[in-house]
Each structure stands twice: as structure tokens, then as C-alpha cells.
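Welcome! Take a moment to look over the sequence and the model, and then let us walk through some of the features together.

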Amino acid sequence: MTPATEPGPAGPRGLDPERLREHLDAARPGLVTGALTGRLIEGGRSNLTYEVTDGASRWVVRRPPLGHVLATAHDMRREHRVIAALHGTAVPVPRPLLLCEDESVLGAPFYVMEYVTGTPYRTAGELAAIGPERTRRAVLGLVDTLVELHAVDPEAVGLGDFGRPEGFLDRQLRRWGKQLAASRGRELAGIDELHGALGRTLPHSPAPTVVHGDFRLDNVLIGGPDDTIRAVLDWEMSTLGDPLTDLGLLVMYSSDLGLTDSPVSTTSAAPGHPAPAELIERYAARSGRDTGSIAWYTAFAWFKLAVILEGIHYRYTLGQTVGAGFDRIGELVPVFIEHGLTTLNELQEG
């Protein structure tokens with residue numbers, strides 16, 4: 001038999017349509033009506049996402065990356081659980097259909113969910129193409145969806161034990177500090193200052209909620225005549241924790257980097273894109289939460305991205321990362337550090 005991570009008939013690596021069809025026929029009789037074909041959906045994060053079809057209907061399959069070793073970082077049960085819990089709430093998520101933890105089917109645990117039609121807008125250029133009015137509507141809708149997510153009662157949807165909210169921010173800061181230490185290959189002016197200042201000014205967290213962990217425009221599908229959020233995707237970093245970490249990350253991705261032709265960009269340059277201050281005000285008004293310390297959360301987001309980018313740069317210097325743009329990642333890290341320090345200084349001055 002062909003190894004499950006090799007391409008089967010009409011299937012990309014990591015997806016064997018025949019084995020998937022056999023499993024679906026046994027677990028969900030009548031769901032599939034013909035031979036399955038599949039394709040890898042580009043643009044996902046570390047987990048792999050495939051579109052599969054029998055010619056009449058379409059579904060999405062999510063599985064860990066090929067050859068992964070850290071199961072906790074690619075926990076299909078956890079990702080499926082949060083989507084199943086949120087389906088039926090005001091948070092738009094794809095309808096989950098099946099979780100399979102039998103690794104003999106595709107070589108790793110996976111789950112199947114409905115296919116949702118929509119567009120993920122990843123760059124300011126893509127937003128510019130739809131015009132300022134639609135851009136504004138889409139970004140404000142993103143804030144409103146975040147409010148809906150943070151309004152969900154974790155206990156009521158069976159997620160009361162989904163994370164450890166006590167000490168959440170402290171653990172997050174220590175985790176990313178360790179990530180930085182693991183990818184140190186050069187001196188980075190200001191990075192230790194930023195990390196230390198974040199630790200000294202740790203805010204008091206509001207009541208915990210379900211947090212997405214990577215909430216931004218290119219992790220949602222937008223569609224329909226009103227450019228509504230059709231589905232929130234990529235829940236692999238979700239947990240119970242401080243809701244303002246989601247808002248801080250969204251604010252960061254809505255801020256101007258001050259760079260042209262950058263391999264990493266935010267969406268702020270798109271005509272009609274609301275300013276970060278408006279996003280914060282809208283979230284505060286609709287959620288009822290105090291956002292007075294949002295500068296800390298935004299500075300933390302700048303720090304996290306600086307660490308992530310430095311890790312990419314470090315792997316590039318070791319020859320472990322290839323592709324266009326990776327040679328310029330290193331020069332971006334000081335920019336993110338400077339934004340973090342500036343943002344945190346605004347909080348301290350305020």
C-alpha cells in the first residue's frame with residue numbers, strides 16, 4: 001500500500017482521496033456520492049488545508065503538516081472541538097462534519113468541515129481592488145465578529161476547561177521570551193528592553209473568554225452582497241485567555257509599518273481602512289470592556305511578530321528556509337521592535 005503521506009489518485013501529498021472516501025462512507029454513509037479529488041489550499045498556517053469534492057459537493061479537510069512531531073502544536077481534536085462548540089453561536093465558523101483520530105487513514109489525525117464560499121483578503125492591494133466602502137465594511141465587520149466571539153460563555157458551549165486563563169499573560173510573555181532565546185543569532189537592539197518592559201507593566205486581565213490567538217483579516221472568509229464575515233478560520237492557537245490579546249493583534253495588523261515594498265505588510269494602507277483608534281473604540285463600545293491598556297497588548301503583538309520574524313530570519317541564515325522574500329525578513333525585525341517600544345512608551349506616557 002502507498003504511504004498515507006504520498007499522493008494517491010487525484011490527491012496531493014498528505015491526502016489520499018480513496019482512503020478518505022472509504023472512511024467517509026463508513027462514518028457518514030451517503031455524504032459522498034462519487035469519487036473524491038482534492039487540492040491543497042494555499043495560504044494556510046502550519047496545519048494543512050485541502051478542498052475535496054465528489055463533483056457535486058465540496059468539503060474541507062484539515063490535518064497536521066507532513067512529518068510533524070509536536071502533536072500539541074497541531075491538535076486536530078482541539079481545533080475541531082472549538083469549531084464544534086462555536087457552531088450555532090453568533091460566531092461564523094464552518095460546520096464540522098467529522099473528526100478522525102485514526103492515523104491509518106491519512107497518516108495523521110484530521111477533521112472534515114463544510115466548504116464556505118468567501119474571500120480571504122491578505123494585503124492592502126487586495127482590499128484596494130474592492131474599493132474604500134467595502135474595505136471599511138469588511139474591517140469593521142471583523143471587529144464586530146471579535147466582539148461576538150468574546151461574548152460567548154465558554155461554560156455554556158462546553159469550553160469551560162479549554163485553557164488555563166489564570167496567569168495567561170505571564171505565561172504568554174515567558175513563552176515568547178523562550179522562542180526568542182531559541183532563535184538568537186545576532187544582536188537585536190531594543191528587544192530585551194521591550195521584553196523586560198512588557199513584563200514590568202503587565203496589565204490586569206479582564207474575565208477570560210475564548211480567544212482565537214491569530215485574529216486578523218486573512219484568517220476570515222468574506223462574502224455576500226454585504227461583505228459579511230462568512231467564516232473564521234485557523235483556530236489552532238485558540239484557548240481560554242485574555243480577550244484583549246486578540247484585539248491587540250488586530251490593532252497591530254491595522255497599523256502602518258511605514259515601509260514600502262515589504263515582504264511582510266499590514267492592511268492599513270488600503271483606502272477606506274479604519275484607523276486603529278476607531279477599531280478600538282468600536283470594540284470597547286460594543287463589548288463593554290475597558291480598553292485603556294490596549295497599548296500594552298498592541299506592543300506585545302509587535303514583540304511576538306518580531307520574535308516570529310527573527311525565527312524565520314535565523315532559519316534562513318542556516319539555509320533551512322528558501323523562497324522569495326526570506327532574504328529581507330531580517331531587516332524587518334528592528335522595525336517591529338521599534339513599533340513595540342514606541343507603542344509601550346505611549347502607554348507609560350499616558
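## The open sheet

Please keep in mind that this is a predicted model. Strand 2, residues 48–53, and strand 3, residues 58–63, are joined in the antiparallel sense by 6 bridges. They belong to an open sheet of 5 strands with antiparallel pairing, and the order across that sheet is 1-2-3-5-4. At its edges you will find strand 1 (37–40) and strand 4 (96–100), each of which pairs on one side only. On average, and ignoring direction, neighbouring strands of this sheet are turned by 25° against each other.

## Strand 5 and its neighbours

Now find strand 5, residues 110–114. With strand 3 it forms an antiparallel pairing over 4 bridges, and here Arg62 has Tyr111 of strand 5 as its bridge partner. Strand 5 also pairs with strand 4, again in the antiparallel sense and over 4 bridges. In that region Cys100 stands opposite Phe110 of strand 5.

How many of the residues of strand 5 are buried? The count is 4 of its 5 residues, so the strand is mostly covered, with buried taken as under 20% relative accessible area.

Helix 2 covers residues 76–86 and lies across strand 3, strand 4 and strand 5. Relative to strand 4, helix 2 runs at about 160°.

Next, move on to strand 7 (residues 220–223) and strand 8 (residues 228–232), which pair in the antiparallel sense over 4 bridges. Within this pairing, Leu221 has Ala231 in strand 8 as its bridge partner. The hairpin has 4 residues between the two strands, and Gly224 takes a positive phi near 85° there.

In a regular strand, side chains alternate between the two faces of the sheet. Which residues of strand 7 lie on each side? Val220 and Ile222 are on one side, while Leu221 and Gly223 are on the other. These residues are all buried, and both faces of strand 7 are covered.

## Helix 7 meets helix 10

Helix 7 (residues 191–200) packs with helix 10 (residues 294–317) at an angle of about 140°, and their axes are 11 Å apart. Angles over 145 degrees would count as roughly antiparallel, so this pair is described as oblique. The crossing of helix 7 and helix 10 is left-handed.

To see the contact itself, look for Ile191, Leu194, His195 and Leu198 on the helix 7 side. They meet Trp296, Ala299, Phe300, Phe303 and Ala306 in helix 10. Sorted by class, this contact has 8 nonpolar residues, 1 polar residue and no charged residues.

## Helix 5 meets helix 8

Another helix pair is formed by helix 5 (residues 132–151) and helix 8 (residues 244–253), whose axes come within 11 Å and cross at roughly 170°. That angle is over the cut-off of 145 degrees, and the two helices are therefore roughly antiparallel to each other.

From helix 5, the residues Leu142, Val143, Leu146, Leu149 and His150 take part in the contact, meeting Asp246, Leu247 and Leu250 in helix 8. By class, the contact has 6 nonpolar, 1 polar and 1 charged residues.

Val139 is found in helix 5. Is Val139 buried or exposed? With a relative accessible area of 3%, Val139 is buried. Leaving out residues up to four places away in sequence, Val139 touches His273, Pro274 and Leu279. His273 is 134 residues from Val139 along the chain, yet their C-alpha atoms are separated by 6.9 Å.

Finally, Ser265 sits in the loop between helix 8 and helix 9 (276–287). Its relative accessibility is 36%, so Ser265 counts as partly exposed.

Methods:
Residues are numbered from 1 along each chain as its sequence is written. This is a predicted model: local features need pLDDT of at least 70, side-chain atom pairs count only at pLDDT 80 or more; totals for chains, interfaces and linings use all residues. Side-chain values use heavy atoms; hydrogens and water are left out. Two strands pair if DSSP finds at least two bridges between them. Axes are lines fitted to C-alpha atoms, for helices over the stretch in contact, and angles run from 0 to 180 degrees between N-to-C directions. Contact means heavy atoms within 4.5 Å. Buried means under 20% relative accessible area, exposed over 50%, partly exposed in between (1.4 Å probe, protein chains only). Angles under 35 degrees count as roughly parallel, over 145 as roughly antiparallel, 65 to 115 as roughly perpendicular and the rest as oblique. A crossing is left-handed if the near helix is turned anticlockwise from the far one by less than a right angle, and right-handed if clockwise. Ala, Val, Leu, Ile, Met, Phe, Trp, Tyr, Cys and Pro count as nonpolar, Asp, Glu, Lys and Arg as charged, and the others, Gly among them, as polar.
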